[in-house]
Amino acid sequence: MNVMEKDNATQLNWKMNDAFILNQSLRNDALAVLENTAFPTTKTEAWKYTRLTKIKNASYQTTQAIELNGTVGLDSNAVKLVFVNGHYNAALSSKSLPDGLKLIPLSQMDPLELMALGNATENAEELFTAINTAYTTDGSYLHVSAKVIIEPTIELIHVSTGEQHISNIRHFITVEAFSKVAVVQHFLSENATDCFCNVLSEIAVAKNAHLTIDKLQEAADTIHFIGTENVKQQQDSVFTINTITLNGGIVRNNLNIKVAGSNCETNLNGAYILKGNQHVDNHTVVDHLVAHCQSNELYKGVIDGKATAVFNGKVFVRKDAQKINAFQSNGNVLLSDEATVNSKPELEIYADDVKCSHGSTTGQLDEEAIFYLRARGIGEHAAKQLMVGAFVGEVFEKIENEAFLNRINEILSERFSWNID
């Protein structure tokens, strides 16, 4: 990409010089999309509340693999795959795997197997999907065999370091029938400035399979992030994702879930606790294609300083998808007069025998409740902390991974002087 006419998404001041590893046919399709796609603006409906000028005008570059010292990871017993600036880091990754699990970086896959990976149609016209497809440098292939329960958590760890580096990472996650696994996606930074991480995950959850993803974003506030999960669920499966955003500059989380089998359960939970000039945008789509399924969506935000948050959640219930229970809720607390929230929960229902609801609330901490706590000897800061903890605690209660929760508390204590039990 070279700087010329910037209306075209291929004409950016990004130096994309690397070994890009998805098959050339997919890459050619993606490059064609970029040739004919303008960079989103606030006039683009899907990006109405998110300005991408900082990303568009940046001078990003890909980088070769960088060695990183020390240790990373939340759980010492977890199976880890670590990526630094979009490249696999063998020294920090696990060497052994439990039976029934195949976990390998894309850069080490058999070339013929790698050629077969990649969905040519799923949201292919979306700009950042096309960028990822054209310029993927690495990622993971995670496959759980049928009738296998993977006991250790799988941690996919992404580290940004250095200046103005771009990472395009692709994950392929398949959980076969009657299997169960828990995955953590952890995003952090070390001595990093003005970097951009663009991650796309293609996820298949087979019949009666259970997949839980805990996603923690804690990179520095000069790191911009766009993450997309494209998920397809089959009959009797359970998919849960908990997205926790505690830091970052411009952060966009796209969740696209197709519920293609009956008797499925889908759980989307999110919490974002922001300050300064942070911007977080959560976009979710749950598409109920068949009958007898349930989806639950709970997102809560605490916004301080001049930070901004966006929630746009959409649930489709198709004509033949009777007996659907779909619930969607977004709640926000503003801790300053300059904090901003744009919330838009949506239902689009074409069936007539369903139970669906959505709601959105935005307000400030209850001053009477704070006064009540202070009257009982609790300081103002501690009183606010208790109320914030009670507010977002409903989301954290959905998380079962203890090491993940411990890290959340560490960050809240370090950056906000909060302790949320």
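A cavity, as used in these legends, is a set of points on a 1 Å grid over the protein atoms alone where a 1.4 Å probe fits but cannot get out, and its lining residues have an atom within 4 Å of a point. The model is predicted, so that local features need pLDDT of at least 70 and side-chain atom pairs count only at pLDDT 80 or more, while totals for chains, interfaces and linings use all residues. Residues are numbered from 1 along each chain as its sequence is written, and side-chain values use heavy atoms, with hydrogens and water left out.

**Figure 1. Lining of the second largest cavity.** The residues E45, A46, K48, Y49, H283, V310, F311, N312, N342 and K344 line this cavity. Its volume is about 80 Å³, a volume being the space filled by probe spheres set on the points, with grid points joined across faces, edges and corners. At least two lining residues come from each of β16 (308–317) and β18 (340–349); strands are DSSP runs of E with at least two residues, numbered from the N terminus. β16 provides the largest share, three residues. By class, the lining comprises four nonpolar, three polar and three charged residues. Here Ala, Val, Leu, Ile, Met, Phe, Trp, Tyr, Cys and Pro count as nonpolar, Asp, Glu, Lys and Arg as charged, and the others, Gly among them, as polar.

**Figure 2. Lining of the largest cavity.** Of the 14 residues that line the largest cavity, F187, Q217, A219, I223 and F225 lie nearest its centre. The elements giving two or more residues to this lining are β5 (154–163) and β7 (180–193). β5 gives the most, with three residues. Eight nonpolar, five polar and one charged residues make up the lining of the largest cavity.

Figure 3. A disulfide is a covalent bond between the sulfur atoms of two cysteines. With a disulfide taken as a pair of cysteine sulfur atoms within 2.5 Å, the count is zero. The cysteine sulfur closest to that of C195 belongs to C197 and lies 9.3 Å away, too far for a bond. For C197, in turn, the closest cysteine sulfur is that of C195. C195 is buried, at 1% relative accessible area, where buried means under 20% relative accessible area, exposed over 50% and partly exposed in between (1.4 Å probe, protein chains only). C197 also counts as buried, at 4% relative accessibility.

Definitions and conventions: On a 1 Å grid over the protein atoms alone, a cavity is a set of points where a 1.4 Å probe fits but cannot get out, and a pocket is an open set with protein on both sides within 12 Å along at least five of seven lines; lining residues have an atom within 4 Å of a point. Helices (H or I, at least four residues) and strands (E, at least two) are DSSP runs, numbered from the N terminus.
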